[in-house]
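User: I am new to this structure and would like to learn how to read its features. Please take me through them one at a time.

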2 protein chains.
Amino acid sequence: MDEFELIRKLTTGLSANDAVVTGPGDDCAVLDLGVPDRQFLFKTDAVVEGIHFRSDTPPEQIGHKALARCLSDVAAMAGSPIAALITIGLPKNFDPERVASIYRGMRPIADKFHVAIVGGETTTNPDRVFISIALLGWVPRDKAALRSGAKTGDAIFVSGELGGSLAGKHLAVEPRIAEARWLADHFRIHSMIDLSDGLAGDLRHILQRSGVGAELLASSIPISRAARLAAKATSSAKPPLLAALTDGEDFELLFTLPSRSAVSLLDGWKKQFPGVKLTCVGKIVSGEGITLREKHGARKLSAHGYVHFA
Amino acid sequence: MDEFELIRKLTTGLSANDAVVTGPGDDCAVLDLGVPDRQFLFKTDAVVEGIHFRSDTPPEQIGHKALARCLSDVAAMAGSPIAALITIGLPKNFDPERVASIYRGMRPIADKFHVAIVGGETTTNPDRVFISIALLGWVPRDKAALRSGAKTGDAIFVSGELGGSLAGKHLAVEPRIAEARWLADHFRIHSMIDLSDGLAGDLRHILQRSGVGAELLASSIPISRAARLAAKATSSAKPPLLAALTDGEDFELLFTLPSRSAVSLLDGWKKQFPGVKLTCVGKIVSGEGITLREKHGARKLSAHGYVHFA
């Protein structure tokens, strides 16, 4: 059983109440707390030493990454953050200065996106640092961009460039909050997610929740320089296209909208966010799964995107 | 540097915004989200294998304890819970059935207190199970019971019986949500906290935040049967009074209110909650720290309550 099956199993038939607009299974939960023009977003995200960062990662970068990942989930709903709580599990005798540096690393990004850090807990995790961040955000009522709204004929867009995040970008995540708010304000976004598991894996989340399939055009996928460099560095490295499809932790936006909006979207985006690439990588089709179109034909991507990739 | 000093250091000068009513340093953060008659409570709490439960603790009890502790913090603010997110860090190859049982253990208490479980994350924590729960709750506007409002002359009350929680009660935490709401509805509670670090330690949090001192009457402290039994079982066990003052994880309510309300409080409580003891254990005085009055005089409790206890 993989992580996604496990979560599906765990979150089936859970306790619910009238406040729940969208429960488990999207980037954030959506709650109705009684504010006429707003709904609220609720999310937690954890980073663990040895998994998401190394024991020699500079502590400020750990702090930045921990908070930025969680903010990226708020962006994926087209929301804005309000407040965060920081839980840190620490080995005994952990240097307090290092913990303070982790907190310090959160500060610039918290200030940039006006997130109040309203508390925290330190507890014991004897073997490694474990950081869990809880985030509360908001979105204009009924404007949350869900994973479940993709429709046949939608164009599929992705921000930034993909793959090779492990070379450094994963520590310097830039949550696309302004971009996502602008998208939701100006276009009818049918579905959106942030890229944490890789384009193939995260697109599949949208397809499953929406009951549709997708065709990706291999030549249009924006491959990062880091992915190309990594492919050249060692013969055992992933080919760049595979890296762009399957590397995790890009934290870019992946979204779909009616294809008739594609041109005005690209025009408007270029004016608004000249420093951030936006690319149409394919379209939503009926059926299920992902078909990759290449020069010499098309092939179906396997369930996990990478398992049987040639 | 102990946990409390560390948290004080970490949470000084953190990012804030207009939504923050009460930031770090109380049982929950208090947020104003724009609802006229309500404010919102935000809290996380973690339990870790080998620290808060054992590897052979039945998984349902782990789930119950994890959620109940967090609910107890909402009770300490006189609030009601709305929604929770569950983060579980797991060793590789952890039995999914056992994880499902942890979730199952949360269900009865979530249903009892109408908490929606709106999502979760499983991640990797290679060496032990780590569970962090994020909770959102609410309280009538300006009715949150803080730690900071204790006043000279207040009577100090505690619910239930104290000490010896490790014998079993720590796994069967009963959050005092109904009791706390009733208190806030019927009395002017000056300060409140839930007992996680022991009566002496948690009373000290109230005293420090309120800038006052306290006198406890040793003979009035409600010592649990478990603490008495533990003291008899081994010669090295804490004396029962010391256990009641310093054992952690009682998760009872500790609060102060004007002493003139004491009699009507005790009368009303007995009618409302006949199964839960309520005891006046002392009073708030000017100055600082805790004085313990015993038959043969009075002595000051040391900074950590237990370090120099005879």
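Analyst: Let us begin with a pair of helices. In chain B, the axes of helix α2 (residues 59-76) and helix α3 (residues 96-112) come within 6 Å and cross at roughly 45°. Axes here are lines fitted to C-alpha atoms, for helices over the stretch in contact, with angles from 0 to 180 degrees between N-to-C directions. Helices (H or I, at least four residues) and strands (E, at least two) are DSSP runs, numbered from the N terminus. This is a predicted model, in which local features need pLDDT of at least 70 and side-chain atom pairs count only at pLDDT 80 or more, while totals for chains, interfaces and linings use all residues. Residues are numbered from 1 along each chain as its sequence is written, and chains are lettered from A and ligands numbered from 1 in the order in which they are written.

User: How is the angle between α2(B) and α3(B) to be described?

Analyst: Two packed helices are described by the angle between their axes and the distance between the axes. The angle given above makes α2(B) oblique to α3(B); angles under 35 degrees count as roughly parallel, over 145 as roughly antiparallel, 65 to 115 as roughly perpendicular and the rest as oblique.

User: Is the crossing of α2(B) and α3(B) left-handed or right-handed?

Analyst: A crossing is left-handed if the near helix is turned anticlockwise from the far one by less than a right angle, and right-handed if clockwise. The crossing of α2(B) and α3(B) is right-handed.

User: Which residues meet in this pair?

Analyst: Two residues are in contact if their C-beta atoms, placed from the backbone, lie within 7 Å. Among those of α2(B) are B:Ile62, B:Leu67 and B:Leu71, and α3(B) contributes residues including B:Ile102, B:Met106 and B:Ile109. By class, this contact has 10 nonpolar, five polar and three charged residues. Ala, Val, Leu, Ile, Met, Phe, Trp, Tyr, Cys and Pro count as nonpolar, Asp, Glu, Lys and Arg as charged, and the others, Gly among them, as polar.

User: How many residues of chain A are in contact with chain B?

Analyst: Here 58 residues of chain A are in contact with 58 residues of chain B. On the side of chain A, β5(A) gives the most, with nine residues. That side divides into 34 nonpolar, 17 polar and seven charged residues.

User: What rotation superposes chain A on chain B?

Analyst: A rotation of 180° with 0.0 Å of shift along its axis does so, with RMSD 0.0 Å; copies are superposed by least squares on the C-alpha atoms of residues with pLDDT of at least 70 in both. That is the relation of a two-fold axis. The same surface serves both copies, as 100% of the contact residues of chain A recur in chain B.
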